[in-house]
Amino acid sequence: MERKEEMLRYEWKKVFGKTSSRIALLILLAVMGVTCFFATDVSWVDENGDTHSGPGAVARLREAQKEWAGYLDEDAVRRVIEENRRIQSLPEARTDNLRDSQITYGRKQGIMEIRELLNNSFVGGFREYDYYRADSLRPEDAPYFYENRPRLLREWLAGEAKDQFSEEEKAFLTRQYESLETPFYYDYAMGWSRLFEYAPTVVMITMLVLGYLVAGIFSSEFSWKSDAIFYTSLYGRDRAVRAKIGAGFCLVTGIYFAIFLLYSGIVLAYLGTDGMDLAVQAVSGSWKCFYPITVWQKYLLIAGGGYVGCLFISFLSMLVSAKTRSAVVAVMVPFVLIFLPSFLSSISSQTVQKIIGLLPNQLLQTGMALNLFNLYPAGGKIWGAVPILLVLYSLLTMVLWPVIYREYRHKQVS
């Protein structure tokens, strides 16, 4: 056991001993810090139209939105519509003056998140959005708030999307929408919505840095021309190879969770953890999500998905490094897997889109994947992409472990 720990420490020392690796980690911390700054950049507009920031602004916003916390039933929706109409009827709302516009916005801050839900519900089409739609609503529209969600979906599936899904998939989506428990409970959830918004940036940057760090684990002996010594040593073809794999696993696990939990801790400590038990559909940006999950469950899926994605791509990079004996080629793997799908997404083919929906980069942006309508039949059922991605790449990562071991231990000495 002691010898194994020494081997692991040796591999870590090789990774972190390089100046370039330390610079990469500093860049990662810097990017994470900048991302936290943007994620926590919340402002409050006072009654005079002046904008404030900082902890005091967060407290004021939280207090204003907490006044509307509770079940968002028909009466609550009606009260929000009436409040919005009352504000719109004031003199400041009927001018083009910038200061008056700010004052009007400030008066709506307490209902702003609910107002966004109204904008999503009362639209002309499933894929449409109108920021000002809530301003034209009347109290009599309140009973249709939840009815609009499945109705717009059915109209979309029967019209614009009629050729995009099979009849079984259409029935699945309709069931998911109609079976969602309502009314939603509403509460202040700014911490979670901001965390979700910027999480893909943090995860992707972490993956790029991890790809750079692990790229040299299996190629260093060849680049240093020390492979003859490595493979002729007592444990060069067994324990030393396992130590390299173990070092890569621990490095990815340690750095990923250190960065992700630090990011989460900063954002939630500043903006608050309120709203973790809400249905994701009650939080801005997830109104159309067909997964019946809570905000907390979405967070766990984002954290777990990012980890599985980083682990798989890192192990794939290590396999390429072991096979090609080149860290340069290996470090290109994360860039290709992250950025190539963005070029393929312009292809309108449904087959291509379904393939893109199952690429590992989707795990690095699980929060976005939860809002996509990527469906796959398996085992006589219809599944969303997210559970398939988690299971598929967890299994592939476990397969890569022995493949890397076999590939590297049978390398010929140059």
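Mentor: Helix α9 contributes the most to the lining of the second largest pocket, with seven residues.

Trainee: How much volume does the second largest pocket have?
Mentor: About 590 Å³. There are 29 lining residues, and those closest to the centre of this pocket are Glu113, Met190, Ser193, Arg194 and Glu197.

Trainee: Which elements give two or more residues to that lining?
Mentor: They are α3 (55–66), α6 (112–121), α9 (190–214), α13 (295–324) and α17. By class, the lining of the second largest pocket has 13 nonpolar, eleven polar and five charged residues.

Trainee: Before I go on, is this predicted or experimental?
Mentor: The model is predicted. Its average pLDDT is 88, and 90% of the residues score at least 70.

Trainee: Where does pLDDT stay under 50?
Mentor: Over residues 224–236, for which the model has 23 contacts beyond four places in sequence. Where pLDDT is low, the predicted coordinates should not be read in detail.

Trainee: OK. How much space is in the largest pocket?
Mentor: About 900 Å³. It has 32 lining residues, with Arg127, Asn371, Leu372, Phe373 and Asn374 the closest to the centre. The elements that supply two or more residues to the lining of the largest pocket are α14 (327–344), α15 (350–356), α16 (361–364) and α17 (366–369).

Trainee: What lines the largest cavity?
Mentor: Gln65, Glu113, Tyr186, Asp187, Ala189, Met190, Ser193, Ala282, Val283 and Ser284. By class that is five nonpolar, three polar and two charged residues. Glu113, Met190 and Ser193 in that list are also among the residues closest to the centre of the second largest pocket.

Trainee: And which residues line the second largest cavity?
Mentor: Asn120, Phe126, Asn148, Arg149, Leu152, Tyr177, Trp287 and Lys288. They divide into four nonpolar, two polar and two charged. Helix α7 gives the most to this lining, with three residues.

Trainee: Let me pick Asn148. Where is it found?
Mentor: Asn148 is in helix α7, residues 148–158.

Trainee: Is Asn148 buried or exposed?
Mentor: Buried, because its relative accessibility is 5%, and the cut-off for buried is under 20%.

Trainee: What does the side chain of Asn148 make a polar contact with?
Mentor: With the side chain of Ser121, at 3.4 Å. Leaving aside neighbours within four places in sequence, Asn148 is in contact with Ser121 and Phe122.

Trainee: Ser121 is in α6, I think. Which residues of α6 are buried?
Mentor: Met112, Glu113, Ile114, Arg115, Glu116, Leu117, Leu118, Asn119, Asn120 and Ser121. That is ten of the ten residues, so α6 is largely enclosed by the rest of the structure.

Trainee: What covers the buried residues of α6?
Mentor: The cover includes α3, α4 (74–88), α5 (98–107), α7, β4 (185–186) and α9.

Notes. Residues are numbered from 1 along each chain as its sequence is written. This is a predicted model: local features need pLDDT of at least 70, side-chain atom pairs count only at pLDDT 80 or more; totals for chains, interfaces and linings use all residues. Side-chain values use heavy atoms; hydrogens and water are left out. On a 1 Å grid over the protein atoms alone, a cavity is a set of points where a 1.4 Å probe fits but cannot get out, and a pocket is an open set with protein on both sides within 12 Å along at least five of seven lines; lining residues have an atom within 4 Å of a point. Grid points are joined across faces, edges and corners, and a volume is the space filled by probe spheres set on the points. Helices (H or I, at least four residues) and strands (E, at least two) are DSSP runs, numbered from the N terminus. Ala, Val, Leu, Ile, Met, Phe, Trp, Tyr, Cys and Pro count as nonpolar, Asp, Glu, Lys and Arg as charged, and the others, Gly among them, as polar. Buried means under 20% relative accessible area, exposed over 50%, partly exposed in between (1.4 Å probe, protein chains only). A polar contact is a pair of N or O atoms within 3.5 Å; within protein, one must be able to donate a hydrogen and the other to accept it, and residues adjacent in sequence count only if both atoms are side-chain atoms. Contact means heavy atoms within 4.5 Å. pLDDT is the predictor's confidence in each residue, from 0 to 100.
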